[in-house]
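Please walk through this model with me, from the whole chain down to single residues.

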Amino acid sequence: MKITFMGGGNMANALISGLLNNGFPTNEIEAIELEEEKRDRLQRTFGIRCHAEPDAETLACDVLVLAVKPQQMHAACLSLRDFLKRQLVISIAAGIRLKDLSRWLGGYKRLVRAMPNSSALISAGLTGLYAPSGVSEAERLGAERIIHAVGSTLWVNEEAQIDALTAISGSGPAYVFLFIEALQQAAAELGFSPKQVRQLSIETVLGAAKLASMSEEPASVLRERVTSKGGTTEAALRVMTKREFKEAIIAGVKAAKERGAELGELLGKE
Ligand SMILES: NC(=O)c1ccc[n+]([C@@H]2O[C@H](COP(=O)([O-])OP(=O)(O)OC[C@H]3O[C@@H](n4cnc5c(N)ncnc54)[C@H](OP(=O)(O)O)[C@@H]3O)[C@@H](O)[C@H]2O)c1
């Protein structure tokens, strides 16, 4: 399976690294990247062939991964439309809808929308996938095989769910980093050294996430189990609840979903 990446930035690097680490042959991956410095880096780091612009030979691939920024997608698609024949096209761009992609690609229909998250950089990502009914089972499996190289996958049945998923797992690492930041500030204010602050905050989050992933119990039950009546955790949670900690997260996720829909609408006007 030959794969060509359009755009050789952060996400393309994560995916290429994951594919190579999973035994994918170097000579079956190519990239099209505008910037010479980034092309050189891709070639040096991964040993893959890189090109400055699309042509028939580069696009004689089985899968084309669109990994440019959402606002660069329209121009990128216009440069690709003459070379598309039977390739499966996977877009990882936030917000861009398949109907707009298809229009920009001259009515092309063999399209999959994917939403990875930044943990893909360490092959621990979660990627949401959506394929319309025209995409075959074999093509879905091909898309899944590629995306699986950087973590787990979750198929959704409606494209709108990709916007919802973007607000949870796509933006989610930022919410967790904010939580870590707050924990670190609190630990520093309680007198711990920078090294201790880092260890305390990150290992607490890692351990709790691992415990939640290994337990059959819902998070609320795990929380109650560490909250003794009249104890320290209860004192903390009382203050956090009063300050609407949970409601703030829920409202934030909903705002992210709305912004995703707005961006899709805005970028789709081109
Ligand atoms: N990073 C994340 O955590 C994340 C998570 C989920 C989804 N995504 C999606 O992944 C996509 C890529 O994000 P990224 O962070 O990897 O962006 P990025 O680092 O900016 O990479 C995009 C690359 O594509 C190049 N490019 C732009 N137009 C091109 C064209 N017509 N032909 C060839 N190359 C072109 C850009 O060059 P220039 O630098 O010269 O513009 C840049 O090097 C985005 O659509 C984003 O929504 C990212």
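The paragraphs below go from overall layout to cores, ligand site and selected residues.

This is a predicted model, in which local features need pLDDT of at least 70 and side-chain atom pairs count only at pLDDT 80 or more, while totals for chains, interfaces and linings use all residues. Residues are numbered from 1 along each chain as its sequence is written, and side-chain values use heavy atoms, with hydrogens and water left out.

The C-alpha trace of the protein chain spans about 70 × 35 × 30 Å along its principal axes. Its secondary structure amounts to eleven helices and eight strands; helices (H or I, at least four residues) and strands (E, at least two) are DSSP runs, numbered from the N terminus. The chain is divided into domain 1 (3-157) and domain 2 (172-260), with bounds that come from an automatic or database domain assignment. Taken over C-alpha atoms, the centres of domain 1 and domain 2 are 34 Å apart.

Of the 270 residues in the protein chain, 39% are buried. Here buried means under 20% relative accessible area, exposed over 50%, and partly exposed in between (1.4 Å probe, protein chains only). The chain exposes about 15700 Å², of which carbon and sulfur atoms supply 56%; accessible areas come from the Shrake-Rupley method with a 1.4 Å probe, and for residues only the protein chains shown count as cover. Among contacts (heavy atoms within 4.5 Å) in the protein chain with a separation of 6 or more, 60% are between residues 24 or more positions apart.

What lies inside? In soluble globular proteins, nonpolar side chains tend to be buried together. A nonpolar core is a set of buried Ala, Val, Leu, Ile, Met, Phe, Trp, Tyr and Cys residues joined through side-chain atoms within 4.5 Å. The largest such core has 32 residues, and Phe5 and Ile16 touch the most other members. At least two residues of this core are supplied by each of strand 1 (3-6), helix 1 (10-21), strand 2 (29-32), helix 2 (36-46), strand 4 (63-66), strand 5 (88-91), strand 6 (111-115) and helix 5 (137-148). Helix 1 gives the largest share, six residues. Apart from this core lies another, of 27 residues, among them Val68, Tyr130, Val156 and Leu267. Leaving out residues up to four places away in sequence, Phe5 touches Ala12, Leu15, Ile16, Leu19, Ile29, Glu30, Ala31, Ile32 and Val65.

In Lys69, a side-chain N or O atom is 3.0 Å from a ligand oxygen atom, and a polar side-chain atom of Gln72 lies 2.7 Å from an oxygen atom of the ligand. On its own the ligand has 910 Å² of accessible area, and the protein covers 82% of this.

Leaving aside neighbours within four places in sequence, Asn117 is in contact with Met11, Gly125, Leu126, Ser169, Gly170 and Pro173. A polar atom of the Asn117 side chain lies 3.2 Å from the backbone nitrogen of Leu126. Asn117 counts as buried because its relative accessibility is 8%.

Ser123 is in the loop between strand 6 and strand 7 (125-130). Most residues other than glycine have a negative phi. Ser123, not a glycine, has a positive phi of about 55°, and its relative accessibility of 36% makes Ser123 partly exposed. Glu244, in the loop between helix 10 (232-242) and helix 11 (245-267), has a positive phi near 55°. Glu244 is partly exposed, at 48% relative accessibility.

Ile168 belongs to helix 6 (residues 160-170). Why does Ile168 count as exposed? Ile168 does so because its relative accessibility is 54%. Outside four places in sequence, Ile168 touches Tyr175 and Val253. Ile168 and Ala256 are 88 residues apart in sequence, with 8.3 Å between their C-alpha atoms.

Notes: A polar contact is a pair of N or O atoms within 3.5 Å; within protein, one must be able to donate a hydrogen and the other to accept it, and residues adjacent in sequence count only if both atoms are side-chain atoms.
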